[in-house]
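User: I'd like a close look at one part of this model, with the cut-offs spelled out as you go. Could you walk me through it?

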Amino acid sequence: MVLAAGAALGHPQGFHERVSLAVSLKNVDGLVVVDVDGGERAKLIRAGADLNHDGLISGEERPLLQKKLLQLALQGLKVRVSGYPLVLSATDVKLSTRDDHTVSETGLSLAVLVAASVPSPISDGMKLEVEAVSADRSHVLVEVSATSAADGSVVALERHEVQPDEKWAVALRGLGAREPRIGASAPADGGRRSR
Amino acid sequence: MRQLLVVAFALAALSCNKSTPPARAFQVQTRSELVGGQRALGDIGDFKLTNGVIHAVIQNVGTSRGFGAFGGSLIDIDLVRDGKVDPTRGPVGNDYFTEMFPAFFLQAIEPSKVEVLADGSDGNAAVVRVSGDGGDFISIIKELNESLNLVPDAHVTYWVDYILQPGAQYLKIVVTVKNVDRVDANYGAVIPFGFITLLGEGQHLFLPNEAGFDVRFHLDEVYKRPDELQQKYGLAPSLEALPGEVVSMMATEGRGVSYAVAAAPKNAGYMGSPKNRGYYDPYGRTSESILIPIASSSFLGTFWGRPPDDQGSPRIKAGKEYSYAGYLAVGTGDVASVQKVVYGIQDDEWGRKPTAYGSVAGRVREQGTGRPLRDVSVVLQDEKGRYASQARTLENGSYVAHVPPGKYRAFAVADARNVAQTSEYVEVTAGNTANLDVALEPPALLTVTVRDERGRPLPSKISVEAIYDYAGADKLPRQFLYNLAVGEHFRNTDLIDDAAGDENTRRYLEAVFYATLGDVGRPMRPGHYRVFASRGVEYSLASQDVELTANHTTEVKFVLEHEMDTPGWASGDFHVHSINSVDSDFALTDRVTSYAVEGVDLVTSTDHNYVSDFQPTIDALKLSDWLHSAIGLELTTLEMGHFNGFPIQVSPGPVSHGSFAWFRRPPGELFAQLRGLATDPEQAIVQVNHPRDSVLGYFSEFNMGTYTTEPYKAGSFSIDQAHLPDGGIGPYDPSQFSLDFEALEVFNAKRDMLLFSYRVPKGGVPGPEPTAYGRCTGGKTADCVPAEGEMTKITVTQLDGGSMETPAFPGALDDWYSLLGHGHHLTATGNSDSHSPNAEAGLPRTYMKVGPSADGSMRGLSQEACMHAIRQGHVVVTNGPFIEASVNGVEIGDAVVAADGEIDVHVKVQAAKWVDVSSVRIMRGGRDAFVPVILEDIAVPKGTELVRLDTTRHFHVPDRSFIVIEVRGDADMWPVFTPYEIYSFQISDAVTAVAGSLASSFGPAKWGKYKPAPINTVRPFAFTNPIWVSYASSQPLKAPRKTLPVGSSEPFRPRAMMDLRKLFGAFHSDPN
């Protein structure tokens, strides 16, 4: 009940996570952005990186803070292509402490580029399945686009607020010529989600 | 000792230096950081600027939460208040500003990024930057833009820097256009660059010239100037010389906050070129002047920049950029306070120097008593007749206004008192203050008591009528009876041509107010009046002549009778605005009272993109026995139309209390999402409003053919039907036209032009004949001027390439009849669309057959029964007369089986004594009659008895017909319902003026004088929803209406897909 109310009000104090996934023939790239509202939650995360308890996040402690946020950003994210699980690796990370290097209630933000490659080409008709749970179990906004192999043009597919315990599936199209499929699942019609 | 002295000096130095708080820019994280106020639209994720003096919010990218299309606009700005935070509403502020964004004539920026460029931590200005490419926020202009090459072919990008200096009481806004292409960006004409500002009601616009507060009608006069200038100077209006107000600044007056927009002289080159200097110089143009060509409703255009001149051509060369700048100042509520801020602006970089000014100060007192008067508006006028400033008196009656050096006199304006004008001018020199006191006459006091037949207090409307002296047939009352320029309020008149010998042609309303619970007292200007008491269309109308004298109280008592009882029927209004709409200043208390005093039973809140709940206010005013409310929403798109949904849920948390984004979404999806907001989607009503309004009408925008009920091919200046950049179908594509709604607002407000298709009036129309169209001859019926009484028609191209005729100026009533004939069971409603007291509540209204809960106290009114009645069509629409009808005993909204087509139509028409009924028309429509056939016209003898007609007629009708009854009256409904007298300046008027020689290709303009009158009196009109007749019983299949929960999956169609790496690059992290 409380979580539902929080979601209806846009959970003003919590985690806000957005994931943009770009699917191409052989890769799935993503940008994950997490904003942590100012408040107790942010303070706890900061405190967790303050190893010497001096109330400051030093240069040496910053990577720890970044690591913690990275873990929170990616831990609930699972992506599959027609049942084949992808291993998303972070390729670049940016952290913003909002110019506040103390253990305070100031919010935090993190952006991370992720990428995963697939053993066989991804083709039109396959399904991209996404599960996403943010650290406070609020919804995660997920956007999916496809890059054509033919001319590199980008086709926007769908955007959805993925709820906890939801498996959201997007039918892939706009990738180019049909290729042998990977995975055992049959292609489905688009946009159907299941819980 | 020496050390002690050093410390002492240091301490003294610290105490003498007042430190100016720094300016800061940041992204909003919590609601406590927002600005707050009636018009505040900011939300978490937006960007904020603050310096301890003023604070502002710039919306993040996305869809505008104001009236515009795109995010990235300035949406909130206010003085920094005392920092109080309400636990449920957030910060207690006084933002009364809706939206402002840069405009390049009629193109805007479609932002792709908003960022903090400088957070102010270095002690300098804080800056928020909005950047992106260009976007058409009004797509009907797209063809104009493209055909005239007003948007260059080269790739240009834009950015806007909102700059706040420490200690400044204004925001500086610098707009830059950069040509990032390899080719020059050539403009087809010199177009003005500037800003579009949406102020919203509650901010009273003031221009420091002959307009003063009368911008609406003064702009009408300004638009006549081109003819004069053409004769005098040989100049023609064009894009390079747009007609408009030429002013040093634009300022406002409001409750506790005021605003002003001023220009930076550098690069402000639109006015003053050799081509147009002669056009603007006679009106006082300087290097700091602003041009205002459009001031419509809340939509204000302020322009001063232009594309740079390159060897005589407007052009931004490859790789180059052009910038212009302006200032938005904030005052404490009157014009003077914000003008002072503007006068003090010094900006060396942009060429702005402080303006030399002096002051006029004084006191306003009451004549006779000498009592100081607070809250009086004092307006200063110079010797040339220009209104220079305005200020409000304080508690002690004092005021101070700031003006350039010159000679001034003062007008003191207060409700219920005659305007006082000083006879002499005082001279003001720079840096000095001249004294000017004013005395106002005391008011009279009028008290009114209204009771019903049983002696119970009755919520009633009090209208105070007076007669003005004859001033000539060509004079309008606003030109001599009162002065809008100094801020007097508009007086409604009877709109009858003035005759010297007939007082009944020279009536006006001095005041209209409400006896909420039957008793009211009100100060009034002394004079001779006729006081009326009324309670809408079911009650009698009573009057009494009075002579009101200063310092005396006059008491008037009335008894109103409930003349027309409608057992089992409840009246409702399903299109209602309050202060929660940006274009209404109607406080909730007055709003709900206005319904109780008009005898409306059910009022539905439908604010623009905002969900309101009127019930707490009704309860607080103890009006629950008289009035019931439902919660709704007017989903307000910019060009697709306006759509209401009710009853819906209200969500107190979000900024809009539950409204949702509409931009670039097709209508069917919007209807489904409105249902998704409903308390019960299966019971929801989705209503299309004013479908034949020009830019705001759904049928007009989609070019729906009246007789086909399908879109035909768009002509010039139509909504943008192009595909989306990713190849998807655009939301305005004809294939997106949807009739998946329940109700159609056929009768909107008191606008005849939207209700009835235009026919050439009997008696002809004065003026020259149009050149584009000749008279209809040789059997021709379209694209020509028909005989009197006939409808004007045009030929259009259908989507399959065929051609057809359709009304040139269609009315919603004909559309609805055709829709019914095509089998669309849409319920017709009539609603006031009221935004202010001038648009009377419940005019018109929708009567619903709901059963016993409609009788007695409105606490017991069943909202479910009301909604059921609307869905089933058990509805009568009226502004006065009440119709009951049946066919073979079957009532309105139901279907009757008449195997042989023989039907008995029973009609009973009732009306209160003061409502005229002159004719009743029985009509039949159907698949064979998209234009209904008149079965019989019945003349109703003049009379005042309750039942004006009670008759049964027999007819033979074809299978699958429907029967509708219309009732008309000849006499107008003054003073209960005043004429539609102030029409909004239409965007189409501005486009026509701008288009100049292109105007002949702009549909409506081709008809010249043969077009609907923009103003009209209110005459009785009512009609029933259909009774369906068929030869055999058939249960039409009812497909469930589509419902989309808010926040559900939606196709993702961004304007431009961005590379993930670019998005990542835009993310601002801590420096390494």
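Analyst: Chain A exposes about 8,900 Å², and carbon and sulfur atoms supply 53% of that (accessible area by Shrake-Rupley, 1.4 Å probe). Keep in mind that this is a predicted model, where local features need pLDDT of at least 70, side-chain atom pairs count only at pLDDT 80 or more, and totals for chains, interfaces and linings use all residues. Residues are numbered from 1 along each chain as its sequence is written, chains are lettered from A and ligands numbered from 1 in the order written, and side-chain values use heavy atoms, leaving out hydrogens and water.

On to confidence: chain A has a mean pLDDT of 78, with 84% of its residues at 70 or more (pLDDT is the predictor's confidence in each residue, from 0 to 100). Residues 1-13 of chain A fall below 50, and that stretch makes 19 contacts in the model beyond near neighbours in sequence (contact: heavy atoms within 4.5 Å). Residues 177-195 of chain A also stay under 50, and the model gives them 46 contacts beyond four places in sequence.

As for the fold, chain A has three helices and 11 strands (DSSP runs: H or I of at least four residues, E of at least two, numbered from the N terminus). Reading from the N terminus, the order is α-β-β-α-α-β-β-β-β-β-β-β-β-β. Of the contacts in chain A with a separation of 6 or more, 67% join residues 24 or more positions apart. Of the 195 residues in chain A, 50% are buried (under 20% relative accessible area, 1.4 Å probe, protein chains only).

The whole structure has five cavities of 30 Å³ or more (sets of points on a 1 Å grid over the protein atoms alone where a 1.4 Å probe fits but cannot get out). The largest cavity holds about 80 Å³, the space filled by probe spheres set on the points, which are joined across faces, edges and corners. Its lining has 13 residues, with G71(B), S73(B), F101(B), P102(B) and I109(B) nearest the centre (lining: an atom within 4 Å of a point). In chain B, β7 (99-104) and β8 (107-118) each supply at least two residues of the largest cavity's lining, and β8(B) gives the most, with three.

Terms used
1 Å grid on protein atoms, 1.4 Å probe; cavity = no way out; pocket = protein on both sides within 12 Å on 5 of 7 lines; lining within 4 Å.
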